[in-house]
Amino acid sequence: METLKFKTNIKCGGCVANVTPFLNEMPEIAKWSVDTDNPEKILTIEVAGQLDAEKVVNTLEKAGYVATSL
């Protein structure tokens, strides 16, 4: 299974709650998590199938957040 990582501005549990519906709607994502303790707020995604990193960036943008692929 492929793993994608992104630097984000998802800072807290409230931010995680805001992005949850957006990420959970993506069938290509098997599992995801955000390390809010890390200064770079790393979003880790386990991919089930094919997923382009840009699609994740665009989805987070719709939710009001910024992500940069690592």
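**Charges and the salt bridge**

Modeller: Let's start with the charges overall: there are 7 positive and 10 negative ones in the protein, and their mean positions sit 5 Å apart. Keep in mind that this is a predicted model. As a general point, side chains of opposite charge can pair when their charged atoms come close. Here the count comes to one salt bridge. The partners are Lys 55 and Glu 28, with 2.6 Å between their closest N and O atoms, and the cut-off for such a pair is 4 Å. Lys 55 belongs to helix α2 (residues 53-62), while Glu 28 is in the loop between α1 (13-24) and β2 (29-35), so the pair ties together parts that are 27 residues apart in sequence.

How covered are the two partners? Glu 28 has 15% relative accessibility and counts as buried, because buried means under 20%. Lys 55, with a relative accessible area of 37%, is partly exposed.

Now for the setting. The protein has two helices and four strands, and from the N terminus on they run β-α-β-β-α-β. Its radius of gyration is 11 Å, close to the 11 Å that the globule rule gives for 70 residues, so the protein is as compact as a globular protein of that length. Buried residues, Glu 28 being one of them, make up 37% of the 70 residues. As for contacts with a separation of 6 or more, 62% of them come from residues 24 or more positions apart.

Terms used:
Residues numbered from 1 in each chain as written. Predicted model: local features only at pLDDT ≥ 70, side-chain atom pairs only at ≥ 80, totals over all residues. Heavy atoms only, no water. Rg over C-alpha atoms; globule rule 2.2 N^0.38 Å. Buried < 20%, exposed > 50% of the residue type's maximum accessible area, 1.4 Å probe, protein only. Contact = heavy atoms within 4.5 Å. Lys, Arg positive; Asp, Glu negative; His and termini not counted. Charge placed at Lys NZ, Arg CZ, Asp CG, Glu CD. Salt bridge = Lys/Arg side-chain N within 4 Å of Asp/Glu carboxyl O.
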